Each structure stands twice: as structure tokens, then as C-alpha cells.
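I opened my notebook to look up a few things in a new structure. Come and read along with me.

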Amino acid sequence: DWYGGIVGGTVNEWDWNYPSKTVINSTPNGLQCWMTAPFSNYANNSNSAMYSPCFDMSQVANPQISFIMRFVTEATNDALVLESSTNGGTTWARVDSLNTAGNYNNVLATGAFAGPKWSGNNTTWRQYSFVIPTLGLQSSVQFRFHFISNATVNNEGFAIDSIVIID
């Protein structure tokens, strides 16, 4: 099962819950989705992640991860990236760090993360897909959606649903 956790700081923003915010107010697939701070805006200085279980991809040559997401954040300064680990979470690497698939909407080097990253507004549910051949044939792969906010301006945050990993 996926789970939320603290990367730095003291607040775990992630929860599986019912979207009921002004913009993030529904999910197209079922009643619940993964969200940052489901009942309020996310906190200032947040540094948390939504973690996947470990996947055995030793028989998968060309894996792909896809999901739907919508978000409302302070542009550039508060951001989310998709990361992967093949060593039990000891180290993490950005998935598609060159943004070759064009999934990330912000490539600026300033803010919580240097680009590419998701930041600003995407107020409708949109599907994102990454082909990740570098993770193929690995026996232990874990993903995390890593969110960081700065000390000013907070908003509704991120909502993620329908995560699928296929060959």
C-alpha cells in the first residue's frame, strides 16, 4: 500500500481522503484520492512524500508509471516531483530528470526544487505517464511523490489518483 511520510520537518501532508476543497473537490475514479492536507491548505515549510510499496520489476523490461493529478500551489516556490529508489529508499533520483516526456510543467531552477517539477496550477484532472526503462529488470523499485513548500503562501496542494505501473 502507498503511504505518506515526512522527508524533513515535522508535518506529513499526505492522506488518502475525500477531496472537498474549493478546486480539488472531486476525483473521477471513486470517492477518494491521495492529497496533501485534505482538510486545509498545506503547511508552510512542508517537506513530505507519498511512498509506494517496493515493486519487483525483475521481469519487466520497459516499465511505465501513469497516474492522474491536479494541483493548486504557489507557482515555482512550492512543488512536487516524482522520484524513484532501487536501494530501499537510501537514495532517490528524479524520474525523467530531463523532462523528455514533457510531463513536468515548470522547468525553472528556483524554488523548492530546481526544475523540472510540477508547480503552480493544473485545476483539472490530467493523466501523466513516464516510460522508465532504467528501472526495468530491477528487483526492488520504490516511488515517491515528493512535495516541498516554502515559508510563505500556501494553497490547496496536490491530489493524485489512479496510479498504475505496467510493462
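Below are my entries, one topic at a time.

**Before starting.** I am working with a predicted model, in which local features need pLDDT of at least 70 and side-chain atom pairs count only at pLDDT 80 or more, while totals for chains, interfaces and linings use all residues. Residues are numbered from 1 along each chain as its sequence is written, and side-chain values use heavy atoms, with hydrogens and water left out.

**Sheet.** I looked up the strand order of an open sheet and found five strands, β1-β4-β9-β6-β7, with antiparallel pairing. Strands here are DSSP runs of E with at least two residues, numbered from the N terminus. Two strands pair if DSSP finds at least two bridges between them. At the edges I found β1 (3-6) and β7 (93-94), each of which pairs on one side only. Strand β6 (residues 79-85) is joined to β7 by two bridges, and these two run antiparallel. In one of my look-ups, S84 had A93 of β7 as its bridge partner.

**Cores.** Next I turned to nonpolar cores, meaning sets of buried Ala, Val, Leu, Ile, Met, Phe, Trp, Tyr and Cys residues joined through side-chain atoms within 4.5 Å. For burial I used relative accessible area: buried is under 20%, exposed is over 50%, and partly exposed is in between (1.4 Å probe, protein chains only). The largest core holds 27 residues, and F67, L82, W118 and F143 have the most contacts inside it. Two or more residues each come from β5 (64-72), β6, β8 (121-131), β9 (142-148) and β10 (157-166). The largest share, four residues, is from β5. I also found a second, separate core of six residues, including I24, C33, W125 and A159.

**Cysteines.** How many disulfides does the structure hold? I found zero, counting a pair of cysteine sulfur atoms within 2.5 Å as a disulfide. C33 is buried at a relative accessible area of 0%, whereas C54 is partly exposed at 49%.

**Backbone.** I kept in mind that most residues other than glycine have a negative phi, and most peptide bonds are trans. Which form does the peptide bond from G115 to P116 take, cis or trans? I found cis, with omega near 5°; P116 lies in the loop between β7 and β8.

N45 is not a glycine, yet its phi is positive, about 55°. N45 sits in the loop between β3 (33-36) and β4 (47-51) and is exposed, at 52% relative accessibility. N99 also has a positive phi, near 60°. N99 lies in the loop between β7 and β8 and is buried, with a relative accessible area of 15%.
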